[in-house]
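Q: I would like to learn how to read a few local features in a model. Could we take them one by one?

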Amino acid sequence: MGPRLPLLVAALASCMLPARTCVLCDTKIVEALNSLEMDYLPGHLGAEHHKNLMKRVKQALQDFKELPFDEDSYLGVVDEPTLEKASWSLLKDLKRITDSEVKDELFVKELFWMLHLQKDIFARYAAHFQKEGMMLQTLIWCSNCKKQVHACRKSLDCGERKVEVHEMEDMILDCELNWHHASQGLTDYSFYRVWRNKSETLVSKGKEPTLTKIMVDPLDAGTYRCQLDTVQSSPATVIRFHVKVLPKRITEEIPSSNIPSQDEVAPSEVTWSVTKSSTTLQSPSSQSPTAESILRGRLVGLLIWISVVLIAGIATTILCYRSEKIMDSIKSWLGTGSEAAQSSQVPEEKATESRSQ
């Protein structure tokens, strides 16, 4: 923030007359203090001490703002997530004390020791926010609890990047930083081509933080500038890219049997391919016949053989079962025929005897 720090501190100091602390800007804290006075104190502390205790509690919370102003730790402002974390920590410890049902002197000691620890916790939250503050945020000013959009300290010039890409490959310039998503008031990413005479040509503009150039050639080498615009007049981020286009990757192809030899092709017709796998051996899956296909054929043959054996077994069982029935039927039929023949011979013998008499 540099020279703006004294001006900001002076502006904050002018607002300190109606001083409040950040945690008292949260209505949940105010409600918890009212509940403590109206609901908890009557049964846990003498009535003559209520007014003095609440005065000391509020003064202790006011002392949260008595942190040293420093560009890297505390400037009298926090964002809403930081205020929510500090308030939640304070409310949690206050509830722990009230749930314990402590009374009188022990209650007072526990309460003010908790407030002392919570002040240290608030200081850590504020310092963390100050270091990790984003470009544009809605901040809560601890002096008067007002919310304003504030530009946090961030250098506009985010440095330079060196990019190397081979000819006929894709060039990608990434302008996004990790804090862009959490910031407010950001608009479009603009990419410019910077020429030697310092003039610039707009290449692209939009919500995408990247610029992609397909199949670059040596003419694409040079300097590019990315700018993230804001709702204000000044940009949020400026990054310069120095692009160097390297020679095309050359990989000799392995000649196959159906490709003419070097003697059959004119020198001007010889081409080189930029393929990553041209110099690698063929994988087992591309060879013929493959072990996988052989194994698959053996498995299919084994399944067919098992199926034939099962069908033959079932057919044999059925035939054996039915053959027994057929034999029984034949035997029954033969037995019936012999009995009928015997029965027919008896009358004939009787008739012959009667004739002879």
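A: Start with burial. Buried means under 20% relative accessible area, exposed over 50%, and partly exposed in between (1.4 Å probe, protein chains only). Here cysteine 175 is buried, and cysteine 226 is buried too. This is a predicted model: local features need pLDDT of at least 70, side-chain atom pairs count only at pLDDT 80 or more, and totals for chains, interfaces and linings use all residues. Residues are numbered from 1 along each chain as its sequence is written, and side-chain values use heavy atoms, with hydrogens and water left out.

Q: Which residue does a disulfide join to cysteine 175?

A: A disulfide is a pair of cysteine sulfur atoms within 2.5 Å. Cysteine 175 is joined to cysteine 226, with S to S at 1.7 Å. The link is left-handed, at -95° about the S-S bond. Cysteine 175 lies in the loop between S5 and strand S6 (186–194), and cysteine 226 in strand S9 (residues 222–230), so the pair ties together parts 51 residues apart in sequence. Strands (E, at least two residues) and helices (H or I, at least four) are DSSP runs, numbered from the N terminus.

Q: Where is glutamate 169 found?

A: Glutamate 169 sits in the loop between strand S4 (157–166) and strand S5 (171–174). Its relative accessible area is 23%, so glutamate 169 is partly exposed.

Q: With which side chain does the side chain of glutamate 169 make a polar contact?

A: A polar contact is a pair of N or O atoms within 3.5 Å; within protein, one must be able to donate a hydrogen and the other to accept it, and residues adjacent in sequence count only if both atoms are side-chain atoms. The partner is the side chain of arginine 249, at 2.5 Å.
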